[in-house]
Amino acid sequence: MQILVDADACPKVIKEILFRAADRLQIQLTLVANKLLYCPPSKYIRAMQVPAGFDVADSRITQQMEPGDLVITADIPLAADVIARGGHALNPRGEFYTRDNIQERLTMRNFMEGLRGSGVETGGPAAFGQGDRQAFAKQLDKFLAKRGS
């Protein structure tokens, strides 16, 4: 199993949690982004820079992943692809996307996108906070503990 990160918009604190987990558990961690990212020296952690463009990083992630892999992303269409390919998708706020909830998330995303496209101000997500960081760390630890046993 490997962990792939849709890293362009992933909060730094989440990447730091992932760096520690990859080294501690000796799991391959790959950050995929269209910009150069910091990557600590480790044989388990690497950064992959892809060309700029719409969904280029997402496409690379789906090409690289295998069934059972974990993908960290807030991108709902990418999460849907990951699940369809037999992977696991966890967002940086600590919520797993599953076969049971992904269609609802896609429908809501498309609805909100339609509202924004018609000029309706929908606001953005809440600020990323300590509770989000803790929820992510808890879900990641639970998932990795299950994989290790």
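I take contact to mean heavy atoms within 4.5 Å. The model I am reading is predicted.

**Entry 1, valine 5.** I looked up what valine 5 touches, leaving out residues up to four places away in sequence. The list is Cys10, Leu18, Leu29, Thr30, Leu31, Val32, Ile61 and Ile72.

**Entry 2, the sheet.** I traced the strands next. There is an open sheet of six, in the order β3-β2-β1-β4-β5-β6, and its pairing is mixed. β3 (45-49) and β6 (96-97) are the edge strands, each with pairing on one side only. I then checked β1 (residues 2-6) against β4 (residues 70-72): the two pair in the parallel sense, over three bridges. Isoleucine 3 has leucine 70 of β4 as its bridge partner.

I asked which strands helix α1 (residues 12-25) lies across. They are β1, β2 (28-33), β3 and β4, and the helix runs at about 150 degrees to β2.

I went on to the nonpolar cores. The largest has 26 residues, and Ile3, Val5, Leu18, Ile72 and Leu140 have the most contacts inside it. At least two residues of this core come from each of β1, α1, β2, β4 and α5 (130-148). The biggest contribution is that of α1, with six residues. Another core lies apart from this one; it has 18 residues, including Leu4, Met48, Met65 and Leu106.

How many disulfides does the structure hold? I found zero. Cysteine 10 is in none, and the nearest cysteine sulfur, in cysteine 39, is 13 Å away. Cysteine 39 has 24%, so it counts as partly exposed.

I read α3 (residues 76-84) from end to end. Its N-terminal end is capped by aspartate 75, with a side-chain oxygen 2.8 Å from the backbone nitrogen of leucine 78. Within the helix I noted Ile76, Leu78, Ala79, Ala80, Val82 and Ile83 as buried. Just after α3 comes glycine 86, with a positive phi of about 90 degrees.

Notes. Residues numbered from 1 in each chain as written. Predicted model: local features only at pLDDT ≥ 70, side-chain atom pairs only at ≥ 80, totals over all residues. Heavy atoms only, no water. Disulfide = S-S within 2.5 Å. Buried < 20%, exposed > 50% of the residue type's maximum accessible area, 1.4 Å probe, protein only. Pairing = 2+ DSSP bridges. Helix = DSSP H or I, 4+ residues; strand = E, 2+ residues; numbered from the N terminus. Axes fitted to C-alpha atoms, helices over the stretch in contact; angles between N-to-C directions. Core = buried A, V, L, I, M, F, W, Y, C linked by side-chain atoms within 4.5 Å. Polar contact = N/O pair within 3.5 Å; in protein donor to acceptor, adjacent residues only side chain to side chain.
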